[in-house]
Amino acid sequence: MNIDWAAIGSVFGVSLVATVGLVTLFTLGIKGLSARERATAQGSSAALAVTAAYLSFAACAAAVAYGIHLIVAKA
């Protein structure tokens, strides 16, 4: 049995970057919704923050859907 350590390291690196990226996108979405709450409490508009939040959540959903597609396509 021969273990390909380079391949294991590559998979680890890609999964780490993907996880950090998804968490960052989701966090930006939460921050955008939080900005909306602050803006409505102050009586102002936060259209840009809400748009950024929705785009962040859409990017998260697209990344998850792409990952599911990759898993299903290999099966």
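Let me start with the chain as a whole. Its secondary structure amounts to 2 helices and 0 strands, and the C-alpha atoms, taken along the principal axes, fill a box of roughly 65 × 25 × 10 Å. The radius of gyration is 18 Å, whereas a compact globule of 75 residues would have a value near 11 Å. As for burial, 13% of the 75 residues count as buried.

Now to the two helices. H1 covers residues 5-42 and H2 covers residues 47-74, and their axes come within 8 Å of each other while crossing at roughly 155 degrees. Since angles over 145 degrees are taken as roughly antiparallel, H1 and H2 are therefore roughly antiparallel to each other. The crossing in which H1 passes H2 is left-handed.

Which residues of H1 and H2 meet? On the H1 side, the list is Leu22, Leu25, Phe26, Leu28, Gly29, Ile30, Gly32, Leu33, Ala35 and Arg36, and from H2 come Ala49, Val50, Ala53, Tyr54, Ser56, Phe57, Ala59, Cys60, Ala63 and Val64. Sorted by class, this contact of H1 with H2 has 16 nonpolar, 3 polar and 1 charged residues.

From that list I would like to pick out serine 56, which is found in helix H2. Is serine 56 buried or exposed? Its relative accessible area is 9%, and because anything under 20% counts as buried, serine 56 is buried.

With a relative accessible area of 34%, however, alanine 63 is partly exposed. Alanine 63 and alanine 18 are separated by 45 residues in sequence, yet from C-alpha to C-alpha they are 8.8 Å apart.

Two further residues deserve a brief word, and I will take them in turn. Serine 34 lies in helix H1 and counts as partly exposed, at 32% relative accessibility. Between serine 34 and alanine 52, which are 18 residues apart along the chain, the C-alpha separation is 12 Å.

Alanine 65, for its part, lies in helix H2, and at 45% relative accessibility this residue too counts as partly exposed. Alanine 65 and glutamate 37 are 28 residues apart in sequence, and 29 Å lie between their C-alpha atoms.

To draw this together, we have a predicted model with 2 helices and 0 strands, in which H1 and H2 are roughly antiparallel to each other and in which serine 56 is buried.

Methods: Residues numbered from 1 in each chain as written. Predicted model: local features only at pLDDT ≥ 70, side-chain atom pairs only at ≥ 80, totals over all residues. Heavy atoms only, no water. Axes fitted to C-alpha atoms, helices over the stretch in contact; angles between N-to-C directions. Helix = DSSP H or I, 4+ residues; strand = E, 2+ residues; numbered from the N terminus. Parallel < 35°, antiparallel > 145°, perpendicular 65-115°, else oblique. Left-handed = near helix turned anticlockwise from the far one by under 90°. Contact = heavy atoms within 4.5 Å. Nonpolar A, V, L, I, M, F, W, Y, C, P; charged D, E, K, R; others polar. Rg over C-alpha atoms; globule rule 2.2 N^0.38 Å. Buried < 20%, exposed > 50% of the residue type's maximum accessible area, 1.4 Å probe, protein only.
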